[in-house]
Amino acid sequence: MIQVHVSKRLHTAEGPMDLVFSGTIEQGEFITLFGPSGAGKTTLLRMIAGLTTPDSGTIIVDGQPWFDSGRRINLSPRRRSIGMVFQDYALFPNLTVAENIGLALPREKRGVIVGELLEVAGLQELAGRKPDKLSGGQRQRVALARALALKPTILLLDEPLSALDLQMRLKLQDELLRLHQRYQPTTLLVSHDLSEVFRLSRRVFVLDRGEVTRSGSPTEVFSQSKISNKFRFNGEVVHIKPSGVVYIVHVLVGQDIVQVIASEREIATLKVGKRVLIASKAFNPLIMPLDE
Amino acid sequence: MNPDFTQTMILTFQVAAITTIILLVLGIPLSYWLAYTNNRSKTVVETLVSMPLVLPPTVLGFYLLVFFSPVNPVGGFLDSWFNLRLVFSFEGIIVGSVLFSLPFMIHPLQSGFGAVPATLREAAATLGISRVKTLFTILLPNMKPGILAGCVLSFAHTVGEFGVVLMVGGNIPGVTRMASIAIYDRVEALDYATAHQYAFVLFAITFAILLLVYMVNRRFARMELT
């Protein structure tokens with residue numbers, strides 16, 4: 001069990017901001033920290049890792065204090081059982097994939113563990129390559145395998161999927177879930193992608209300007225505001241054409257032209273070039289899978 | 001070939017090589033500290049390291065001469081306890097060259113350390129890898145251009161050193177007479193032919209060394225791009 005009660009004053013572009021976090025995380029849980037950039041998500045992760053020192057508070061992991069400002073305890077990152085995946089992956093460019101994963105391991109165990117991780121992450125073919133010869137998705141997998149090598153108590157993931165395209169992201173989300181089930185580390189994921197939050201985590205903390213504004217399961221947290229029973233799109237009127245007693249309005253939404261029927265009274269407020277909102281009740285949508 | 005000439009050239013490159021090795025060994029911990037510390041004394045240390053860039057070499061040489069003279073307590077102590085005399089000796093010009101070329105090693109190494117992304121050090125820390133192991137397996141291999149630049153600049157600068165060596169070492173053939181001093185010595189004796197021999201060889205070798213560095217650095221840069 002991890003108990004985190006920390007605060008730190010951050011100096012941001014919009015002036016000073018107080019990051020305050022208080023929460024308890026159970027063994028093996030998968031938590032996401034969700035929020036806009038600059039909300040303090042990464043700083044919180046870094047405080048748990050020991051890379052940033054909180055101004056005050058405590059971080060207690062399985063009864064052992066990692067940080068306690070009152071008792072002047074501050075364990076160095078080297079002595080905390082953590083695995084961290086950085087936003088830029090931070091792979092060691094001078095070492096091969098296998099060396100990156102195995103660097104932290106004692107020599108006698110290295111071969112077995114590295115072999116297993118290479119297999120689990122599907123990296124056997126790439127074991128001898130240097131990071132600059134890998135694609136973004138492959139780098140991400142190496143970073144994850146490296147973070148898991150020491151079987152850490154806590155796995156910290158700082159937007160590990162944000163730099164990847166959608167298809168790769170979905171694939172790696174599956175992989176992340178699989179690895180989590182296999183090794184069961186308590187996991188904290190920083191994300192600002194809602195679909196990721198829903199797919200991966202049971203519990204989410206929403207951070208905004210340094211404070212936790214909401215927390216709970218993704219459905220609880222997002223059901224009032226973000227999930228609605230309506231479709232809404234922003235668009236731009238590109239053409240208006242009379243058709244009998246009604247008008248057909250062509251609206252550009254993204255890259256698609258949508259035709260919407262409008263009455264004469266509605267037309268009075270519209271003209272070509274106007275920004276409009278199209279909304280519809282979602283009681284009868286057509287839903288079909290896309291080919292990938 | 002003139003045996004004096006050969007002896008002087010060998011001595012010159014010996015001094016330069018030993019100085020470079022000593023500087024590399026001293027420079028790595030010092031520049032590591034300078035690159036990563038927030039300590040208040042950092043500014044003072046940085047200033048001291050950079051002093052030889054602006055100080056007349058004769059000033060440094062003069063103080064070393066006074067300091068290491070056997071009549072001075074420090075020089076006397078070294079002389080009586082370690083039988084080490086640092087004035088007008090080979091060891092003395094090594095000490096002088098190390099001090100005088102210090103910024104030429106420290107500055108490239110310090111910017112080399114600074115150029116390695118901070119997340120690499122942090123990643124190593126989260127993996128529990130010790131600072132020493134991080135230094136040798138992560139930091140130094142990723143700053144090869146800086147190490148190369150530091151070594152070559154120190155080497156070339158020591159080869160061309162004049163003022164400090166003359167003050168501390170004098171002009172003893174085979175012991176402290178380095179090429180740049182031999183040139184001065186030969187010109188004073190109106191022996192322009194030998195002076196030219198020294199001058200040209202120094203010129204050619206220094207040019208070749210620097211050319212090599214630039215070529216190697218270009219290869220490093222290209223490797224990083226691909």
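A residue is called buried if 20 or more other C-beta atoms lie within 10 Å of its own, exposed if 12 or fewer do, and partly exposed in between, with C-beta atoms placed from the backbone. The model is predicted, and local features need pLDDT of at least 70 while side-chain atom pairs count only at pLDDT 80 or more, although totals for chains, interfaces and linings use all residues. Residues are numbered from 1 along each chain as its sequence is written, and chains are lettered from A and ligands numbered from 1 in the order in which they are written.

**Exercise 1. Two sheets of chain A**

Task: Give the strand order of the open sheet of 6 strands and of the open sheet of 5 strands, and name the edge strands of each.

Solution. Strands of a sheet pair through backbone hydrogen bonds, either parallel or antiparallel; here two strands are said to pair if DSSP finds at least two bridges between them. The sheet of 6 strands has the order β7-β8-β9-β3-β10-β11 (chain A), with mixed pairing. At its edges stand β7 and β11 of chain A, each with a single partner strand, so that one side of each has no neighbour in the sheet.

Strand β8 (residues 154–158) and strand β9 (residues 186–191) of chain A pair in the parallel sense over 5 bridges, and the partner of A:Leu155 in β9(A) is A:Thr187. By contrast, β10 (residues 203–208) and β11 (residues 211–216) of chain A pair in the antiparallel sense over 5 bridges, with A:Leu207 bridged to A:Val212 in β11(A). These two strands form a hairpin with 2 residues between them, and A:Arg209 in the turn has a positive phi of about 45 degrees.

The sheet of 5 strands has the order β2-β1-β4-β5-β6 (chain A), with antiparallel pairing, and its edge strands are β2 (15–25) and β6 (73–74) of chain A, each pairing on one side only. Within this sheet, 4 bridges join β4 (residues 56–61) to β5 (residues 64–68) of chain A, and A:Ile60 has A:Pro65 as its bridge partner in β5(A).

**Exercise 2. Chain A as a whole**

Task: Why is chain A described as more spread out than a compact globule?

Solution. First, chain A holds 8 helices and 15 strands. Its radius of gyration, taken over C-alpha atoms, is 24 Å, well over the 19 Å that the globule rule (2.2 Å times the number of residues to the power 0.38) gives for 292 residues, so chain A is more spread out than a compact globule. The C-alpha atoms fill a box of roughly 80 × 50 × 35 Å along the principal axes, and 34% of the 292 residues count as buried.

**Exercise 3. Where the chains touch**

Task: How many residues does each chain give to the contact, and which elements of chain B take part with two or more residues?

Solution. The contact takes 14 residues from chain B and 16 residues from chain A. On the side of chain B, the elements that give two or more residues are α6 (118–126) and α7 (131–139), and α6(B) supplies the largest share, 6 residues.

Conventions. Contact = placed C-beta atoms within 7 Å.
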